[in-house]
Amino acid sequence: MSEGDRDLAALSAKVEQLETKLNQLAKYSKKTRQELEQLVIEMVGQSENTEVPKPPEIKTTSTVSSLPEILPSSPPEIAISEAENIEDLTDFEFRVERFLLLTGFYTDEVEIQGDRVYTDRLSAEAFLERYQEGDRDFSGVNLAGADLKSQALNRDSELNLSGANLRKANLEQSSWDRFIYANIGRVADRIDRYLLAANLNNVDLCLACLKKANLVNVQLHKSKLIKADLKEVKLMASNVSYANLMFANLSEGDLYKTNFSHANLNNACLNQANLQQANLSYASLKRIKAIKADLQQADLSYADLRHADLTKANLFGANLEGANLEHTILKHTLYDSYTIFPEGFNPKEVGAYLIAPHSKLRGADLSETNLRDVNLTGADLAQANLTSANFQNVTLNSASLYQANLSKALIVSSQLIKVDLSASNLAEAFFTNTFLTASNLNNCNLNKANIEGTILRGVSFYDAQLYDIKTNGSTDFDGAKFQEVNLIGFQLYGSFKNADFTRSQMCSVFIYAKELSGSNFTGADLRGAVFPKGVNLENANFTNAQIAGIQWNEAKLDGAIMPDGTKYQAQT
């Protein structure tokens with residue numbers, strides 16, 4: 001791009017900026033006029049029908065075609081574009097606009113770091129063209145409002161945007177990480193890869209859109225991100241210390257190990273954000289929304305959390321020493337024995353839940369919580385709401401979940417030995433590779449539950465609801481008790497050695513099991529039941545069972561007790 005083209009682009013951007021400024025001033029002036037009229041009415045004490053002196057009218061034109069050549073002695077008439085709807089400002093918005101005008105938000109020169117000013121704005125096209133030409137030093141550049149969505153930058157060499165103005169810029173899904181391949185000593189001809197940071201220190205990113213942007217390990221020290229949209233941003237291991245993120249949206253962001261020390265996050269949204277091992281020490285977190293945020297092992301020491309909402313947040317191993325928790329909402333927040341609270345603070349008094357062995361959690365609301373890898377041995381979870389909870393690798397040995405609601409819960413690779421799940425709701429729960437042995441599931445609801453590959457040895461299902469449960473050949477029901485269970489028309493897969501089906505309803509059941517030896521079918525209704533070819537039913541007990549229409553398919557019945565009490569004798 002030639003110097004003349006750059007000057008023309010800068011002039012065009014300048015005109016566009018002035019148009020935006022004038023239209024915003026028009027909105028402000030309209031509200032000012034309304035307030036002035038009301039003020040005059042109140043001052044003269046006249047009724048609504050009284051004619052009130054009006055301020056000069058604000059004229060409207062179709063476009064902003066020209067600007068005054070010189071400053072007039074009286075205030076200029078403000079041209080308003082009819083293409084833009086001039087809506088009424090609320091009282092709060094009016095106060096915000098007044099503040100922004102007084103602080104120079106809409107001026108052509110925005111002061112950053114004392115004497116630093118921004119004048120000519122660089123368009124996104126001009127920026128990208130310079131980048132393609134090999135320019136990497138954009139320190140102090142004015143990219144306000146630039147559309148850099150989905151741009152992959154800084155991949156092969158250092159990009160310097162220190163002190164740049166990116167206010168209102170769109171960086172959604174853009175990548176600002178820098179990879180440097182360095183040979184620092186070959187090991188079997190291997191070249192180590194290092195992820196280093198893009199320099200965004202002191203950048204103005206107020207109101208910028210950074211949704212889903214990749215900002216891994218970047219430097220944002222002392223940067224301005226007021227009202228920036230950082231939803232689902234990847235900001236892992238970045239330095240955002242002393243930055244201003246007031247009213248910023250960081251919900252669902254990946255902020256693992258990010259440094260927010262001394263940052264201003266007042267009124268920011270951090271709902272469902274990953275803040276594991278993040279440094280928030282001495283940060284101002286007043287009135288933040290951090291509902292269901294993951295703050296495991298985060299450093300919140302001496303942070304200001306007044307009026308913050310941490311409902312259902314995870315504080316396992318977090319350090320809150322010296323933090324200000326005045327009016328902080330900690331309802332249903334999770335903590336463990338490693339969590340450090342300020343001296344004298346009792347988390348149970350504000351509704352937080354201690355997740356540890358033998359915890360008293362009767363009736364607790366733990367729905368949609370992540371309880372992965374926790375030890376709840378002997379815990380009292382009776383009547384607790386565990387809907388859609390994550391129980392991966394959880395230990396619940398000897399715990400009580402009587403009448404608990406585990407519908408749609410994810411129970412994977414967990415240990416539930418001697419657990420009381422009687423009368424619990426496990427509808428649509430997902431069990432995989434779980435040890436659920438010697439446990440009590442009497443009267444529980446397992447309708448549409450997926451128990452593929454689960455070991456259910458010695459589990460009692462007395463009078464349980466098992467409609468449309470999903471099993472497979474690796475599901476282990478050895479020794480399970482299905483007394484008085486409705487299994488009409490079921491398709492059962494797996495191993496049922498020594499299983500107890502006493503008085504169960506099993507009409508037209510399809511039992512795809514090779515191993516049923518020693519099973520007890522006393523009093524069961526097996527009319528029309530189908531067994532796979534060659535199934536092992538040796539020593540099974542069919543006393544008083546109804547077996548009309550049963551399909552044995554060459555079953556092995558040696559030693560089995562038939563409905564009349566006699567032992568099966570193979571025909572010769």
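Predicted model: local features only at pLDDT ≥ 70, side-chain atom pairs only at ≥ 80, totals over all residues.
Local features need pLDDT of at least 70 and side-chain atom pairs count only at pLDDT 80 or more, while totals for chains, interfaces and linings use all residues. Residues are numbered from 1 along each chain as its sequence is written, and side-chain values use heavy atoms, with hydrogens and water left out.

Helices (DSSP runs of H or I, at least four residues) and strands (runs of E, at least two) are numbered from the N terminus. Helix α3 spans residues 124-132, and its buried residues (buried means under 20% relative accessible area, exposed over 50%, partly exposed in between, with a 1.4 Å probe and protein chains only) include Ala124, Phe127, Leu128 and Tyr131. After α3 comes glycine 134, which has a positive phi, near 105°.

Threonine 437 lies in the loop between β8 (430-432) and β9 (491-493), whereas alanine 555 belongs to the segment after β10 (510-512). Not counting residues up to four places away in sequence, threonine 437 is in contact (heavy atoms within 4.5 Å) with Leu416, Ile417, Lys418, Ile455, Arg457 and Val459. With that exclusion, alanine 555 touches Gly534, Val535 and Leu537.

| Residue | Relative accessibility | C-alpha separation |
|---|---|---|
| Threonine 437 | 15%, buried | 9.4 Å to phenylalanine 477, 40 residues apart |
| Alanine 555 | 15%, buried | 8.7 Å to glutamate 538, 17 residues apart |

Turning to the cysteines, cysteine 269 is partly exposed because its relative accessible area is 21%, and cysteine 444 counts as buried because its relative accessibility is 0%. The count of disulfides (pairs of cysteine sulfur atoms within 2.5 Å) is zero.
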